[in-house]
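The exercises below are meant to be worked through with the sequence and the 3D view side by side. Each one sets a task and is followed by a solution in steps.

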Amino acid sequence: MKYTQLGRTGLKVSRLVLGTMNFGPQTNESDSHTIMDSALGAGLNFFDTANVYGWGENKGRTEEILGTWFAQGGGRRDKVVLATKMYGNMAADGEAWPNHDKLSAVNIRRAVDASLKRLQTDRIDVYQFHHVDRNTPFEEIWQAIDVLVQQGKILYAGSSNFPGYKIAQANEQAARRGSLGLVSEQCIYNLAERRAEMEVIPAAQEYGLGVIPWSPLHGGLLGGVIKKEATEGRRASGRSADALANSTVRSQVQAYEDLLEKHGLEPGETALAWLLTRPGITGPIVGPRTTEQLESALRALELELPEAVLTGLDEIFPGPGPSPEAFAW
């Protein structure tokens, strides 16, 4: 396993992040535990979840599955860098009371305690804001976070889905308080969605945040979806089906799969390996539903992409370029 520092911190994390969003909705508890055992056995030490995972009436279920896995002992908890997120309303459906969502000090305190109980642990290593809260000032957010750090309930704070200017605002306010501020940002970033290169990733690099891309295969679009249609009869679904309905996107994806077939490369592994070459990237989140999918993701760590492939990928999926040049003279 390959490790790196999480942003400007001294924390060492694996260059792949185990995403757990499928645990519960797609993968049962026993199989989820097996995947986590396999991940840990391979040296993958960075696990990511969120309080809302499980969704609907099962919100919190994914954290509970991690909690029962930690409760098995064997040093599991101390070997894992545990990250979870909060923002969404955790009240029961139809009972969405005020202050049960977003980033008020009231809800941060409530959400931390609830997650700790579900996760069966005494601390959260990286506590992340799942979205921007435009109505809560960062002075209030950092006051709440500083108290939780002092109590030992969380160690670091991170963001998710923040624009570049909010990363700057958050860390400038933290610096004025003498607080560490954000140490990581989770954002959507992959070959087919490169807008983060304009503002988010540069802001993260400037302020010392590790960048953790989510949806590295863009909802399956970069996982060989056209070839699977032709050879396995597997129809695209969800985000990838919607994207392929656009003839321009379909042509891009076909060119992508043709390029990789020419070089004997597997699409999903290549998409992950490409992210690992990008500046500022800590490691992408992979969300395996099976151990076989986990094994495929792990192979990406050893994949060295030839220069011809990297050049071809840039030609097929050109990035926006740096700002302000991307939108100015």
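Q120 counts as partly exposed because its relative accessibility is 44%, where buried means under 20% relative accessible area, exposed over 50%, and partly exposed in between, computed with a 1.4 Å probe on protein chains only. The model is predicted, so local features need pLDDT of at least 70 and side-chain atom pairs count only at pLDDT 80 or more, while totals for chains, interfaces and linings use all residues. Residues are numbered from 1 along each chain as its sequence is written, and side-chain values use heavy atoms, with hydrogens and water left out.

**Exercise 1. Backbone angles**

Task: Find where Q120 lies, and state what its phi is.

Solution. Begin with the position: Q120 lies in the loop between α4 and β6, where helices (H or I, at least four residues) and strands (E, at least two) are DSSP runs numbered from the N terminus. Then turn to the angle: Q120 has a positive phi of about 55° although it is not a glycine. Next, look at W55, which is not a glycine either and has a positive phi of about 65°. This residue, W55, lies in the loop between β4 (46-48) and α2, and W55 is partly exposed, with a relative accessible area of 39%. Finally, go to the peptide bond between S323 and P324, which is cis with an omega of about 5°; P324 lies in the segment after α13.

**Exercise 2. The sheet**

Task: Work out in which order the strands of the open sheet follow each other, and which strands are at its edges.

Solution. Start with the general rule that strands of a sheet pair through backbone hydrogen bonds, either parallel or antiparallel. Here, 8 strands form an open sheet in the order β9-β8-β7-β6-β5-β4-β3-β10, with parallel pairing, and two strands pair if DSSP finds at least two bridges between them. The edge strands are β9 and β10, each of which pairs on one side only. Now follow the pairing of β8 (residues 182-188): 5 bridges join β8 to β9, and 3 bridges join β7 (residues 154-160) to β8. Strand β9 is largely enclosed by the rest of the structure, because 4 of its 5 residues are buried.

**Exercise 3. A covered helix**

Task: Determine how many residues of helix α11 (residues 267-276) are buried, and what covers them.

Solution. Check the residues in turn: 10 of the 10 residues of α11 are buried, and the helix is mostly covered. Among them are W274, L275 and L276. What covers these buried residues includes β9 (210-214), α10 (247-262), β10 (285-286), α12 (291-299) and α13 (307-316). Then look at the start of α11, where a side-chain oxygen of E266 comes to within 3.0 Å of the backbone nitrogen of G268.

**Exercise 4. Charged pairs**

Task: State how many salt bridges the structure holds, and examine which parts of the chain E63 and R118 link.

Solution. The structure holds 17 salt bridges, a salt bridge being a side-chain nitrogen of Lys or Arg within 4 Å of a carboxyl oxygen of Asp or Glu. In one of them the side chains of E63 and R118 meet, at 2.7 Å from N to O. The pair links distant parts of the chain, with E63 in helix α2 (residues 61-70) and R118 in helix α4 (residues 105-119), 55 residues apart. E63 is buried, with a relative accessible area of 0%, and R118 is buried, with a value of 17%. Another pair is D125 and R77, whose closest N and O atoms are 3.1 Å apart. Lastly, R77, D78, D122, R123 and D125 are linked in a network of salt bridges.

Note on methods
Contact = heavy atoms within 4.5 Å. Polar contact = N/O pair within 3.5 Å; in protein donor to acceptor, adjacent residues only side chain to side chain.
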